[in-house]
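These are my notebook entries on one structure, written down in the order in which I looked things up.

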Amino acid sequence: MDDCIFCRIASGEIPSDIVLEDGGFVAFRDIHPKAPQHLLVVPRSHIGSLNDLELWRKGEGHLLLQFIVRVAERVGVKESGYRVLTNVGRDGGQEVQHLHFHILGGQDLGDFR
Ligand code: AMP
């Protein structure tokens, strides 16, 4: 989608601090980090949110989870621990309408949300 900022980041049209990418997913640093390590993982293809799961190919969710663990390893939080979350819709506080998973770590997150 032309006007979707995460599509444009995933395609390389807009620069970002990419830490890992493959054919299906891209991980880049959040521009307003809420933890020492704060990454966003997005699918390259445009999917609005977790609610649009019907757009996923079979097995893509598993690939996504594997990719998230690889990102955690890449930024050095796999063993110390991290949090993965996705915001959905208005009440979930979703600001960008392209499915993305936050990876937060690098400190004791406690009950941080
Ligand atoms: P959400 O509230 O889950 O939609 O979160 C959107 C996230 O995207 C926020 O944490 C923003 O800081 C982050 N964000 C927005 N624009 C950019 C950008 N150009 N590069 C990196 N992160 C961004």
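How far is an oxygen atom of the ligand from an N or O atom in the side chain of H100? I looked this up before anything else, keeping in mind that the model is predicted, and I found a distance of 2.5 Å for the side chain of D30 and a distance of 2.7 Å for the side chain of H100.

Entry on the ligand. I noted that 16 residues surround the ligand, and that the closest are D30, N87, E95, H100 and H102. For E95 I looked at the backbone, where an N or O atom lies 2.7 Å from an oxygen atom of the ligand. I then looked up the area of the ligand, which exposes 500 Å² when it is taken alone, and I wrote down that the protein buries 87% of that.

Entry on Q94. I found Q94 in the loop between helix 3 (89-92) and strand 5 (101-105). Is Q94 buried or exposed? Its relative accessibility is 9%, and because buried means under 20%, I counted Q94 as buried. I next followed the side chain of Q94, which reaches the backbone oxygen of G48 at 3.0 Å, while a polar atom of this side chain lies 2.9 Å from the backbone nitrogen of G89. When I left aside the neighbours within four places in sequence, I listed G48, S49, N87, V88, G89 and H100 as the contacts of Q94. Two names in that list, N87 and H100, also stand among the closest residues to the ligand.

Entry on H38. I located H38 in strand 3 (residues 37-43), and I recorded it as buried, with a relative accessible area of 4%. Which side chain makes a polar contact with the side chain of H38? I found that of H102, at 2.8 Å, and H102 is one of the closest residues to the ligand. A polar atom of the H38 side chain also lies 2.9 Å from the backbone nitrogen of K34. Leaving aside neighbours within four places in sequence, I noted contacts of H38 that include F28, D30 and H102. H38 and F28 are 10 residues apart in sequence, and I noted 8.6 Å between their C-alpha atoms.

Entry on the strands around F28. I saw that strand 1 (residues 18-21) and strand 2 run antiparallel and are joined by three bridges, and that they form a hairpin with three residues between them. Opposite F28 of strand 2 I found I18.

Entry on aromatic pairs. How many aromatic pairs does a search of the whole structure find? The search gave me two. In one of them, F6 and F28 are edge-to-face, with 5.4 Å from centre to centre and 75° between the planes. I noted that this pair links distant parts of the chain, since F6 is in helix 1 (residues 5-10) and F28 in strand 2 (residues 25-29), 22 residues apart. F6 counts as buried at 7% relative accessibility, and F28 is buried too, with a relative accessible area of 3%. For F25 and F67 I wrote down ring centres 5.6 Å apart and planes at 40°, so this pair is tilted. F25 lies in strand 2 and F67 in helix 2 (residues 60-74), so the pair ties together parts that are 42 residues apart in sequence.

Notes. Residues numbered from 1 in each chain as written. Predicted model: local features only at pLDDT ≥ 70, side-chain atom pairs only at ≥ 80, totals over all residues. Heavy atoms only, no water. Phe/Tyr/Trp six-rings, centres within 6.5 Å; stacked < 30°, edge-to-face > 60°. Helix = DSSP H or I, 4+ residues; strand = E, 2+ residues; numbered from the N terminus. Buried < 20%, exposed > 50% of the residue type's maximum accessible area, 1.4 Å probe, protein only. Pairing = 2+ DSSP bridges. Near = heavy atom within 4 Å. Polar contact = N/O pair within 3.5 Å; in protein donor to acceptor, adjacent residues only side chain to side chain. Areas by Shrake-Rupley, 256 points an atom, 1.4 Å probe, with all protein chains shown as cover. Contact = heavy atoms within 4.5 Å.
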